Amino acid sequence: MANVGYSKKVMEHFMNPRNVGVIENPDGYGKVGNPVCGDVMEIFIKVKDDIITDIKFRTFGCGSAIATSSMVTELAKGKHVDEAMRITRGDVASELEGLPPQKMHCSNLAADALHEAIKDYRNKKQQK
Amino acid sequence: MARIYLDHASSMPIDSRVFEFAKPYLMSSHGNPSSLHSVGLEARRAMEEARGKIAEFIHAENENTIIFTGGATEANNLAVKGAALRNITQGKAVVASAIEHMSVLNPMKELQKNGFSFTLIPVDSTGILNLKQLEASITKNTVLTSVMYANNEIGTIEPIREISNIVHEKGLYLHVDAVAAAGRIPIDVQKDGIDLLTLSSNDLYGPSGAGALYVKPGVKLQAVLLGGGQERGLRSGTENVFAIVGMGEAARIASQEMSQESNRLIPIRDKLIKEILSIEQSFLTGHPTQRLPHHASFRFSSIEGESILLNMDMYDIQVSTGSACSSKTLEPSHVLLAIGLKHEEAHGSMVLTLGRSTAMGDVEPVKKATYETVQRLRKLSPLSQEWRK
């Protein structure tokens, strides 16, 4: 049978998102999307010895935008930044047991926001 | 908690009286209305009776003005393409309001590709058609103008009689999509000056799979579906007798009960609007008073409509949204953009459409669920911080 609606996992993350919020003075910050398009995601990371020790997000968007943000924070937490950089939209979608085809760009954004936060962390580190 | 279904504009349950009335036409009286034997004639008779009930419901001249179709989308296609193509010698221009249903706008776009001029008339921030612009846009070449009786997404009721006067000064026909309005407010095609009118069975608590197009006597139309010549040649294909008979009965019941039901729903609607507008940064969409009795529509800043819909569903409350994320095209509702909302504003809409199952006691749980939903999603949203500061 074709996928109808969201998977249970998506709904579970939508209703109980992990790692919601803001980190004051983050080591890295990434923001992607645009309110005009209906999706804005921001990710804050705390990093120690290149390991992501804490991560938080805030998202404006549809059910899958919120669920993928939540999932990407779970996938990245505790990982080395190089490893977290390799998390793809496909990883996020498959961890959520799939997304409807027209929603695939949303999960793209969640991974992008994470990558932006890591890039920001690396830039800051170089400047030190 | 019991289910509170507030998406009657999308789909309605069939009235049990309608179902009982029409049931034999699925089973014992299953005849094809085109068959001349007794079983066919029985179906034909029931279908003609339904035609009469629908004609009466909209105060049509006679029952021959009613053409049955497979639904409202088909009726709209027949009205737009049928009228434009049949009257091509009179002119090649069509006009529509900017808030028409896609089943009016898309056929008009197709006509445009085939050499017709197509003009969209804007609406104001409450959804009322700009009559000055309508007047300026209609020429003697305008063979068809289409304006809905009331809008399904924002509930605004259009001044159809004034529109009819303007259209008929220079133009040929006025088509009115009455899917959202029929059964909620009285419609009189003769007094309103309507040439073509679309109705949907399911929106009257009838079965899905039937619609009707009223065609005023003398209005010239050509068929869109060709075949065996049913419905005076205007809609070929064996009729869905069960759905048609049910639609007729649903229209009869609506004629009798509409004013009482609307009077019952208006205070519930108004209470819902008052309670929900007490949420910070919440706004009514559509007209404050020229509004369908069963319709309450809103937008909330900083949150997105599909999330609202999913979150409300967790309370077993079903609502609708004009958000891009819930649509097949990933574009926000053209209706919300037409009333002047920015894209980011149009994303945060919630539409409640009440029905016979709705009671005053529903207001409190709906208000509570809406409060909690908006609060939770705003807490997640990076945008809500901006206006809080």
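Which residue of β2(A) does Gly33(A) stand opposite? Gly33(A) faces Val40(A) there, in a sheet of chain A whose three strands pair in the antiparallel sense. The model is predicted.

**Sheet of chain A**

**Contact between chains A and B**

- Chain A contributes 17 residues to the contact, and chain B contributes 18 residues.
- On the side of chain A that touches chain B, the elements giving two or more residues are α1 (8-15), β2 (39-48), β3 (51-60) and α2 (63-76) of chain A.
- The element that gives the most to this side is β3(A), with 3 residues.
- Sorted by class, the side of chain A that touches chain B holds 10 nonpolar, 5 polar and 2 charged residues.

**Helix α9 of chain B**

- Helix α9 (residues 305-313) of chain B is mostly covered, with 8 of its 9 residues buried.
- The buried residues of α9(B) are Gly305(B), Glu306(B), Ser307(B), Ile308(B), Leu309(B), Leu310(B), Asn311(B) and Met312(B).
- Both chains take part in covering them: the elements involved include α1 and α2 of chain A, together with β11 (317-318), β12 (349-353) and α12 (363-380) of chain B.

**Strand β6 of chain B**

- Strand β6 (residues 173-177) of chain B is largely enclosed by the rest of the structure, because 5 of its 5 residues are buried.
- In a regular strand, side chains alternate between the two faces of the sheet. In β6(B), Tyr173(B), His175(B) and Asp177(B) point one way, while Leu174(B) and Val176(B) point the other way. All of these residues are buried.
- Strand β5 (residues 142-146) of chain B runs parallel to β6(B) and is joined to it by 3 bridges. Thr145(B) has Leu174(B) as its bridge partner in β6(B).
- Between β5(B) and β6(B) the chain passes through helix α6 (residues 160-170) of chain B, giving a right-handed β-α-β crossover.
- Strand β7 (residues 196-200) of chain B also runs parallel to β6(B), again with 3 bridges. Here His175(B) has Leu196(B) as its bridge partner in β7(B).

**Asp177(B)**

- Asp177(B) is found in strand β6 of chain B.
- This residue counts as buried because 30 other C-beta atoms lie within 10 Å, where 20 or more are required.
- Leaving aside neighbours within four places in sequence, Asp177(B) is in contact with Asn76(B), Glu100(B), His101(B), Val104(B), Ser146(B), Met148(B), Tyr149(B) and Thr198(B).

**Domains of chain B**

- The domain assignment divides chain B into domain 1 (4-10 + 264-382) and domain 2 (16-254).
- The C-alpha centres of domain 1 and domain 2 of chain B are 28 Å apart.
- Their contact takes 18 residues from domain 1 of chain B and 20 residues from domain 2 of chain B.
- On the domain 1 side, β10 (295-300) and α10 (334-338) of chain B each supply at least two residues.
- By class, that side of domain 1 of chain B has 7 nonpolar, 10 polar and 1 charged residues.

**Residues with positive phi**

- Most residues other than glycine have a negative phi.
- Asn25(A), in the loop between α1 and β1 of chain A, has a positive phi near 50 degrees. Asn25(A) counts as exposed, with 7 C-beta neighbours inside 10 Å.
- His59(B), in the loop between α2 (38-57) and β2 (66-69) of chain B, has a positive phi of about 55 degrees. His59(B) counts as partly exposed, with 14 C-beta neighbours inside 10 Å.

Methods
Residues are numbered from 1 along each chain as its sequence is written. Chains are lettered from A and ligands numbered from 1 in the order in which they are written. This is a predicted model: local features need pLDDT of at least 70, side-chain atom pairs count only at pLDDT 80 or more; totals for chains, interfaces and linings use all residues. Two residues are in contact if their C-beta atoms, placed from the backbone, lie within 7 Å. Helices (H or I, at least four residues) and strands (E, at least two) are DSSP runs, numbered from the N terminus. Ala, Val, Leu, Ile, Met, Phe, Trp, Tyr, Cys and Pro count as nonpolar, Asp, Glu, Lys and Arg as charged, and the others, Gly among them, as polar. A residue is buried if 20 or more other C-beta atoms lie within 10 Å of its own, exposed if 12 or fewer, and partly exposed in between; C-beta atoms are placed from the backbone. Two strands pair if DSSP finds at least two bridges between them. A crossover is right-handed if, with the strands pointing away from the viewer, the path from the first strand over the helix to the second runs clockwise. Domain bounds come from an automatic or database domain assignment.
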